[in-house]
Amino acid sequence: MDLNKVTSAFHYGLPHISTGDVDWEKLGNMLFDRILEEVQSAASVDAKFGNESLAADKQWKFVNEENEVVVLKKRITEGRQSSDRKSKRRGESNIQCYMGRGIVGVPLKTLAEFLSNLHTRQDWDKNLVNARTVKTISESDVIRHIAHEDRRYLVKVRRDLFYYEKMGYVEGKYVQSAMSICHPDYPSLPGYTRGKIHPGTGFVLEKYKGSNICTLISYIIQLDCKRIPLFVVNRVLHEQITMISRVQELFCPSKASGSSDNKKKKPQRVVRQYTWPSALQHIPEHSSSG
């Protein structure tokens, strides 16, 4: 299995998992390699948390720093061409890629356990309206579905994602890396646009300067939202990766802007559970490609 071939196929059709030809372990390891490469490349242009000894990567660009989160954006030229006029002239893809990097004052393992738990995602992902683990392939390999809804624009921005995710430790770093997959029995939710997660999406956690109590988090989103207007997608993804600041506030409330006592607490959004009519056993556990 070659991730470049998988990625190439991804641009024209997602990996189909209703057949038993997916070697999950090999695919997961390739996704690990891809996201670690992205983080290393981005570190060369991150003046705050990056590595100045690395040669500057020409694809990643600094956007801004917001709520102690460094925001970077990557220019992608492969895949389905963007329908946006300016991006089309530059030969850019419809895939939008953002990365947020920040420090959370907790041990790496504590943060890893928090981010890997889908039930705690609603604590920091404020636009989440649906979340479930569809299939547990192994302790570190899962198939998940999540849905987001943003009401701040002229129309509701609704998108859902059906994806494979690999989780685990690599050379002292904790990695969660995902990519979209498809199955005929798991269509998009009614009224939602099914987004496509590009390989290299997820989290990388590492000790900040060797500290046992501070963790550097790199949160990457590479997504094709299809019919959603590109300017809306950029705003939504920019906001999504800066939600690292919400994680920071959960573990370090004193860093939150303003006094929490003087703020009126908003009611917590209820995360709905959507059940498809099909049986989960239609998704194969594992098949080796040899």
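**A guided chat about the enclosed space and its neighbours**

Modeller: How do the residues of the lining of the largest cavity divide into nonpolar, polar and charged?

Biologist: Let's begin with the terms: lining residues have an atom within 4 Å of a cavity point, and a cavity is a set of points on a 1 Å grid over the protein atoms alone where a 1.4 Å probe fits but cannot get out. Ala, Val, Leu, Ile, Met, Phe, Trp, Tyr, Cys and Pro count as nonpolar, Asp, Glu, Lys and Arg as charged, and the others, Gly among them, as polar. Sorted that way, the lining of the largest cavity has 14 nonpolar, six polar and four charged residues.

Biologist: And what kind of model are we looking at?

Modeller: Residues are numbered from 1 along each chain as its sequence is written, and side-chain values use heavy atoms, with hydrogens and water left out. Local features need pLDDT of at least 70, side-chain atom pairs count only at pLDDT 80 or more, and totals for chains, interfaces and linings use all residues, as this model is predicted.

Modeller: What is the volume of the largest cavity?

Biologist: Grid points are joined across faces, edges and corners, and a volume is the space filled by probe spheres set on the points. The count comes to one cavity of 30 Å³ or more. The volume of the largest cavity is about 280 Å³.

Biologist: Which of the lining residues are the closest to the centre of the largest cavity?

Modeller: Strands S5 (141–150), S6 (157–170), S7 (173–180), S10 and S11 and helix H5 (230–241) each give two or more residues to this lining. Helices (H or I, at least four residues) and strands (E, at least two) are DSSP runs, numbered from the N terminus. Of the 24 lining residues, the closest to the centre are Arg-121, Ile-146, Leu-161, Thr-201 and Tyr-219.

Modeller: How many of the 12 residues of H5 are buried?

Biologist: Buried means under 20% relative accessible area, exposed over 50%, and partly exposed in between (1.4 Å probe, protein chains only). Among the buried residues of H5 are Leu-230, Asn-234, His-238 and Ile-241. H5 is largely enclosed by the rest of the structure, because the number of its residues that are buried is 10.

Biologist: How far does helix H2 reach from its first C-alpha to its last?

Modeller: The expected span of a helix is 1.5 Å times one less than its number of residues. For H2 (residues 24–43), which has 20 residues, 28 Å is expected, and the value in the model is close to that. From first C-alpha to last, H2 reaches 29 Å.

Modeller: Which residue in strand S10 forms an aromatic pair with Trp-124?

Biologist: Rings of Phe, Tyr and Trp (its six-membered ring) pair if their centres lie within 6.5 Å; planes under 30 degrees apart count as stacked, over 60 as edge-to-face and the rest as tilted. The count comes to seven aromatic pairs, and one of them is edge-to-face, with 6.0 Å between the centres and 80° between the planes of Trp-124 and Phe-203. Trp-124 lies in the loop between helix H4 (108–116) and strand S4 (128–136), so the pair ties together parts that are 79 residues apart in sequence, and the partner in S10 (residues 201–207) is Phe-203.

Biologist: A disulfide is a pair of cysteine sulfur atoms within 2.5 Å. The sulfur of Cys-252 is too far for a bond, because the closest cysteine sulfur, in Cys-214, is 7.8 Å away. The number of disulfides in the structure is zero.

Biologist: Is Lys-209 buried or exposed?

Modeller: Lys-209 is found in the loop between S10 and S11. Its phi is near 50°, a positive value in a residue other than glycine. With a relative accessible area of 74%, Lys-209 is exposed.

Modeller: Is Asn-67 buried or exposed?

Biologist: Asn-67 lies in the loop between strand S1 (60–66) and strand S2 (69–74). Although it is not a glycine, Asn-67 has a positive phi of about 50°. At 52% relative accessibility, Asn-67 counts as exposed.

Definitions and conventions: On a 1 Å grid over the protein atoms alone, a cavity is a set of points where a 1.4 Å probe fits but cannot get out, and a pocket is an open set with protein on both sides within 12 Å along at least five of seven lines; lining residues have an atom within 4 Å of a point.
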